[in-house]
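Please look over the sequence and the structure shown here. The briefing that follows is grouped by topic and gives the cut-offs behind each term where the term is used.

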Amino acid sequence: MGTFKIEGGAPLKGEITPQGAKNEALQVLCTVLLTPEKVTITNIPDIIDVNKLISLLRNLGVKVEKLEHGAYSFQADEVNINYLESEAFKAEGATLRGSIMIVGPLLARFGKGYIPKPGGDKIGRRRLDTHFEGFINLGAKFRYNEEEAFYGVEADKLKGTYMLLDEASVTGTANIVMAAVLAEGKTTIYNAACEPYLQQLCKMLNSMGAKITGVGSNMLEIEGVESLGGCDHRILPDMIEIGSWIGLAAMTQSEITIKNVSWDNLGVIPATFRKLGITLERRGDDIYIPAHTDGYEIQNYIDGSILTVADAPWPGFTPDLLSIVLVVATQARGSVLIHQKMFESRLFFVDRLIDMGAKIMLCDPHRAVVIGHDFKFKLKGIVMSSPDIRAGISMLIAALSAKGTSTIQNGDQIDRGYERIDERLRAIGAKIERID
């Protein structure tokens, strides 16, 4: 497993460009299974989870050609649907949670889709019910092999229908949309997710010939079509990386410019960091963060009560950035309540921050109160292990701001979500090295 060694306290300065969005990539890569024609996708992040999905597509028989860094063409004109029932697929699919999103396209085009129980972050239970209930509503038959933890759906022809999702699941909505675009008749999905990456998926499908309206709202209407064609698609910059670099700049009191952020797709992210007292400026499509040499102060509510930062479905604040907000608050002036509503295990990494000297009270698996040091006391470097991607990057930011040397074990977790992170951070002055 990879390990990072970090010397904290080094001032950072310069420009950093966010990678392509991981969560969008895992969705739009699966659309290539919907057509026999060539699909070209650019700004694909070179990270473990995405590369695993590309490998899975290859093993399914998709012709994959790397055009340049971050750019690939895909052609699914000779899909080996029998691979879905092989032992190799059962082992491969179980290592990647994003593999669930191949089921909708395969069901729509080939009449069946199978998947082993997917893996991924250890951040609590994440149900697959929304995905399969959507397929059943479209007319598919569901089966589950409990002994092998293997799911399957089959249908001769999917038929459009009205459905009200039990939760606004992003991956669930994406999967159902990809199944519905080739279904017979009209499908209405109410309580649909409406994140920018889901909007990107719908726009891409429309460019392939799908008929989806209501994009950006929580009600999608889809008129099924007979077939889809090829297209060219560019992935948005990763909003989670952008939020991570905002937090990094504040915690290390560094002057950093984040390039080409697609401001219009960041939602409440900039405003949330401003509530923590962080100054950030819009310069064209870049974010400029000055060195916070005088620190930053958390805003209370207008009645004087303590600020609460909580996650919520889009356009609320993304749960993937709550750990960054929590770390940033450890050096703020003031206090904040962090409320992680959507997952039950993502706050447990705060024990490591407490070991580093942070003042955090973990109220329960979902809530933590952070009392900021106002840079009067530096965090101290320690040895720690990353339990998942988001906790890992938060630990890394804490380590870069800390006094002394930190070691982050299980750094492969960070590599699952962040491309060449050690190289990119060294380019702006970070003292970080990878120990294999």
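Phe132, Phe135, Phe142, Tyr144 and Tyr151 together form one aromatic cluster in this predicted model, and a search of the whole structure finds 11 aromatic pairs. Rings of Phe, Tyr and Trp (its six-membered ring) pair if their centres lie within 6.5 Å, and planes under 30 degrees apart count as stacked, over 60 as edge-to-face and the rest as tilted. The model being predicted, local features need pLDDT of at least 70 and side-chain atom pairs count only at pLDDT 80 or more, while totals for chains, interfaces and linings use all residues. Residues are numbered from 1 along each chain as its sequence is written, and side-chain values use heavy atoms, with hydrogens and water left out.

**Aromatic pairs**

- The rings of Phe132 and Phe142 have centres 5.1 Å apart and planes at 55°, so this pair is tilted.
- Phe132 belongs to helix α5 (residues 129-137) and Phe142 to strand β7 (residues 141-145), so the pair ties together parts that are 10 residues apart in sequence; helices (H or I, at least four residues) and strands (E, at least two) are DSSP runs, numbered from the N terminus.
- Phe132 counts as buried at 5% relative accessibility, whereas Phe142 counts as partly exposed at 37%; buried means under 20% relative accessible area, exposed over 50%, and partly exposed in between (1.4 Å probe, protein chains only).
- The rings of Phe132 and Tyr151 have their centres 5.2 Å apart and their planes at 15°, so that pair is stacked.
- The pair of Phe132 in helix α5 and Tyr151 in strand β8 (residues 150-154) links distant parts of the chain, 19 residues apart, and both Phe132 and Tyr151 are buried.

**Charges over rings**

- The charged end of Lys90 sits over the ring of Phe150, 5.0 Å from its centre, where a charge sits over a ring if NZ of Lys or CZ of Arg is within 6 Å of the ring centre and within 35 degrees of the ring normal.
- Arg283 lies over the face of Tyr288, at 3.8 Å from the ring centre.

**Cavities**

- The count comes to 2 cavities of 30 Å³ or more, a cavity being a set of points on a 1 Å grid over the protein atoms alone where a 1.4 Å probe fits but cannot get out, with lining residues having an atom within 4 Å of a point.

**Cysteines**

- The structure holds 0 disulfides, a disulfide being a pair of cysteine sulfur atoms within 2.5 Å.
- The sulfur of Cys194 lies 10 Å from the closest cysteine sulfur, in Cys202, which is too far for a bond, and Cys231 is likewise in no disulfide, with the nearest cysteine sulfur, that of Cys202, 13 Å away.
- Cys194 is buried, with a relative accessible area of 10%, and Cys231 is buried, with a relative accessible area of 10%.

**Backbone points**

- The peptide bond from Trp314 to Pro315 is cis, with omega near 10°, and Pro315 lies in the loop between β17 (307-310) and α10.
- Asn191, a residue other than glycine, has a positive phi near 65°; Asn191 is placed in the loop between β10 (186-190) and α7 (196-207) and is partly exposed, with a relative accessible area of 23%.
- Phe375 also has a positive phi, of about 60°, although it is not a glycine; Phe375 is found in the loop between β20 (367-371) and β21 (383-385) and counts as buried at 16% relative accessibility.

How values were computed. 1 Å grid on protein atoms, 1.4 Å probe; cavity = no way out; pocket = protein on both sides within 12 Å on 5 of 7 lines; lining within 4 Å. Points joined across faces, edges and corners; volume = space filled by probe spheres on them.
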